Amino acid sequence: MRSDFGRTTKGEAASLYTLKNRGGMEIAVSDYGAVLVKVLIPDRDGNQQDVVLGYDDVAGYESGTLYFGAAVGRIANRIGGGTFELNGRTYALTQNDGQNTLHGGTDYFDKRMWKVEEADDSHVALKLYSPDGDQGFPGAVDIRVTYTLTEENEVKIHYYAVPEEDTILNLTNHSYFNLSGHASGSILDQEVMICADAYTRADAESIPTGEIVPVEGTPMDFRSRKVVGREIEADYEALIFGQGYDHNWVLNGSGNRYAASMYSDKTGIEMKVYTDLPGMQFYTGNFIVQEKGKKGADYRRRQAACFETQYFPDAVHKEHFEGPVVRAGQAYDTVTTYQFSSQTSSV
């Protein structure tokens, strides 16, 4: 179902596409930024909870700076120094995070109108044409992002692109999840599990050093489900630099597999994350100062968490990291799934 979502300052008409399944789950996606605006799921008592942070209309997304629900590209996360080399040529990017590039630079994908190619009650497919030189990256490319809501309460996000020239691609979704409800406050009492034996150490600017550090015996160990707030204030380098959790975990295994989960005992809602990508940024909203959101919600620090599946940050500068280079005519093709259920606590 399509509905009006307001107009941008450029006069562009934005739309909201609502998808529903037979189990009472509902999501909404806008063609402005290909953003995931709503994820509504019945809790253990049958009350529908919206579990992602966001805004009521396109104006909020146009002015917002926190990437709520955003489709992020061409390269999610950080590139150190704002430059990279490919095929012997150096490409200069926008330095929008100190001297580094964050989420593609300032001409963000989530601040652009996307073209809706298909839409029905179960999926919406959006396309963005990114020309050669866009954000400083080589090679023209049509980027497609498809959101599908299944009868198994899965939100499947399919990214697909075939560049005309060799380039680098690393797309992700930047939704902020709060499984007690988007306006319910802190997530520090919610539980998280991450299927990762290690994480990539980063410096004070969040650029990986190249070291892969075992989580064993550290506050970064989420291999067993634990409350987010249990060790978030620990005297540990990563947590000090990130002001909480804001790092890339090295996911175990390969191929499409179970990567992480989140659970709220208040609502009984659980989310499981599946991906075919090697890493995931787990971020606990440490830099939300104060943001007005949907239905007058007042979002603040650590009131949501992101599970951004990805190639490792700054992989273009780390030979031992799996790289995001995509050759001309080859397909960038990846799927991340967020699956929801309602249950009682097992902890």
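**Close-up views of a predicted model**

**View 1. The two cysteines, Cys 195 and Cys 306.** Cys 195 is buried, with a relative accessible area of 17% (buried means under 20% relative accessible area, exposed over 50%, partly exposed in between, with a 1.4 Å probe and protein chains only). Cys 306 is in no disulfide, and the nearest cysteine sulfur, that of Cys 195, is 19 Å away. That distance is too far for a bond, a disulfide being a pair of cysteine sulfur atoms within 2.5 Å. The structure accordingly holds 0 disulfides. Cys 306 also counts as buried, at 0% relative accessibility.

A word on the model: it is predicted, with local features needing pLDDT of at least 70 and side-chain atom pairs counting only at pLDDT 80 or more, while totals for chains, interfaces and linings use all residues. Residues are numbered from 1 along each chain as its sequence is written, and side-chain values use heavy atoms, leaving out hydrogens and water.

**View 2. The open sheet E1-E2-E3-E4-E5.** Here 5 strands line up in that order with antiparallel pairing (strands are DSSP runs of E, at least two residues, numbered from the N terminus; two of them pair if DSSP finds at least two bridges between them). Strands E1 (2-7) and E5 (48-50) stand at the edges with a single partner strand each, so one side of each has no neighbour in the sheet. On average, neighbouring strands are turned by 20° against each other, direction ignored (axes are lines fitted to C-alpha atoms, and angles run from 0 to 180 degrees between N-to-C directions). Zooming in, E2 (residues 13-20) and E3 (residues 26-30) pair in the antiparallel sense over 5 bridges, and Leu 16 stands opposite Ser 30 in E3.

**View 3. The largest cavity.** About 70 Å³ of space lies here (a cavity is a set of points on a 1 Å grid over the protein atoms alone where a 1.4 Å probe fits but cannot get out, and lining residues have an atom within 4 Å of a point; a volume is the space filled by probe spheres set on the points, which are joined across faces, edges and corners). The lining includes Asn 77, Thr 200, His 247 and Gln 281. Strand E21 (246-251) and strand E18 (196-202) each supply at least two lining residues, with E21 giving the largest share, 3 residues.

**View 4. The second largest cavity.** Its volume is about 40 Å³. Among the lining residues are Ile 75, Asn 170, Phe 312 and Val 316. In total, the model has 4 cavities of 30 Å³ or more.

Notes
Helix = DSSP H or I, 4+ residues; strand = E, 2+ residues; numbered from the N terminus. 1 Å grid on protein atoms, 1.4 Å probe; cavity = no way out; pocket = protein on both sides within 12 Å on 5 of 7 lines; lining within 4 Å.
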